[in-house]
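Here is a friendly walk through one protein model, written for someone meeting it today. Have a look at the picture, then read on.

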Amino acid sequence: MDRTLQYNKPWILQRADPYVYRHDDGTYYFTASVPEYDRIVLRQSDTLAGLPDAPEHEIWHKHESGPQSIHIWAPEIHYLFGKWYIYYAGGDKDDIWEIRPYVLECQGDDPLHDPWVEKGKMTRAEDDEFSFEAFSLDGTVFEVNGSWYYIWAEKVGVGKQISNLYIGRMKNGYTLDTVQVLLTTPDYDWERYGFWVNEGPAVIQRDGKVFMTYSASDTGIHYCMGMLTADADSDLLDPLSWKKERYPVLTSDAEHVVYGPGHNSFTVDEEGNDIMVYHARTETEITGNPLYNPNRHAMLMPVRWENGRPVFRYD
């Protein structure tokens with residue numbers, strides 16, 4: 001039996017980087033990082049409220065060695081170019097931080113039961129000498145005016161490095177057609193706690209506007225969300241088409257016991273209302289390394305619209 005949706009409380013336990021996709025037939029699919037970082041799982045339900053109790057299917061497991069053998073992170077399921085794709089990141093046991101973005105393609109119409117094949121690392125455009133050569137992850141895709149775009153996080157620099165967000169137009173489900181364009185870098189103090197980070201992009205559209213949320217800072221209680229906005233009719237590969245918010249659009253909130261909100265996705269409920277899916281913690285003291293602490297839970301938040309813009313509030 002479906003549960004009643006509760007907002008801004010743990011919805012699916014210990015599932016970080018949650019992604020919910022609602023297909024054209026109304027079916028919901030859920031995937032996320034699992035605490036072991038060793039596999040890709042998928043749930044299916046006719047309702048959003050049914051996902052927590054839906055059986056979880058493992059559709060892919062990490063390699064024993066080499067690329068994709070550790071740190072399997074942030075899978076997303078999408079349907080584009082007439083096929084199902086899953087975008088995810090993975091490292092190498094011999095170099096655990098050699099994180100790169102990879103793609104799976106489903107060989108049928110049923111993503112739970114039909115076979116998936118590896119398309120390998122996301123393929124950059126022919127003229128692009130830089131993309132996916134360094135720590136790269138959190139790829140997401142979206143469509144505007146008949147074109148598909150891929151946004152991802154990639155680190156540059158030396159020392160601790162800086163995680164920026166880049167965009168490219170897609171040729172197919174696993175290949176870019178244009179060279180990378182820098183969208184945002186950690187400019188502000190709230191993007192620089194622990195590490196200088198912009199990552200976890202997600203896109204929601206309304207009334208000719210494209211809104212891209214993203215996550216900033218390290219994965220502890222300072223993790224938060226920022227946002228960029230562009231006109232759908234503008235050149236989305238022109239950085240000047242995007243306006244970045246000066247302050248975060250969602251941060252930790254002690255009153256609601258939500259800490260480190262971020263790495264979100266967007267879906268709609270059965271009535272078509274916009275819903276944000278995000279992960280957060282319910283404690284401020286984190287045992288061990290925050291990255292390996294399993295207590296990041298998937299949560300839901302209704303998206304409010306004010307003056308044509310999405311607003312994210314706990315109440």
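## A first look around

N8 counts as buried, at 5% relative accessibility; buried means under 20% relative accessible area, exposed means over 50%, and partly exposed is in between (1.4 Å probe, protein chains only). You'll find N8 in the segment before β1 (16–22). Strands here are DSSP runs of E with at least two residues, helices are runs of H or I with at least four, and both are numbered from the N terminus. N8 isn't a glycine, and yet its phi is positive, about 60°.

A quick word on the ground rules. This is a predicted model, in which local features need pLDDT of at least 70 and side-chain atom pairs count only at pLDDT 80 or more, while totals for chains, interfaces and linings use all residues. Residues are numbered from 1 along each chain as its sequence is written, and side-chain values use heavy atoms, with hydrogens and water left out.

Y37 also has a positive phi, near 55°, in a residue other than glycine. Look for Y37 in the loop between β2 (28–33) and β3 (39–45). Is Y37 buried or exposed? Y37 counts as buried, at 7% relative accessibility.

G159 sits in the loop between β10 (147–156) and β11 (162–172). Between G159 and D238 there are 79 residues in sequence and 29 Å in space, C-alpha to C-alpha.

## The sheet

Now for some strands. Four of them form an open sheet, in the order β5-β6-β7-β8, with antiparallel pairing; two strands pair if DSSP finds at least two bridges between them. The edges belong to β5 (67–80) and β8 (116–121), each with a single partner strand, so one side of each has no neighbour in the sheet. On average, neighbouring strands of this sheet are turned by 25° against each other, direction ignored; the axes behind that angle are lines fitted to C-alpha atoms (for helices over the stretch in contact), and angles run from 0 to 180 degrees between N-to-C directions.

β5 pairs with β6 (residues 83–92) over eight bridges, in the antiparallel sense. W73 stands opposite A89 in β6.

## Salt bridges

A salt bridge here is a side-chain nitrogen of Lys or Arg within 4 Å of a carboxyl oxygen of Asp or Glu. How many salt bridges does that rule give? The count comes to 17. Here are three of them, with the N to O distance.

| Pair | Distance, N to O |
|---|---|
| E56 and R43 | 3.0 Å |
| E133 and K121 | 3.9 Å |
| K244 and E191 | 3.0 Å |

Take E56 and R43, which meet in a salt bridge. E56 lies in the loop between β3 and β4 (57–61) and R43 in strand β3, so this pair ties together parts 13 residues apart in sequence. E56 is partly exposed at 30% relative accessibility, whereas R43 is buried at 9%.

Next come E133 and K121, joined by a salt bridge. E133 is in the loop between β8 and β9 (136–144) and K121 in strand β8, twelve residues apart. Both E133, at 45%, and K121, at 32%, are partly exposed.

Then there is the salt bridge of K244 with E191. K244 lies in strand β17 (residues 243–244) and E191 in the loop between β13 (181–184) and β14 (196–206), so the pair ties together parts 53 residues apart in sequence. K244 is buried at 17%, and E191 is buried at 0%.

Finally, E36, D38, R39 and E58 are linked in a network of salt bridges.
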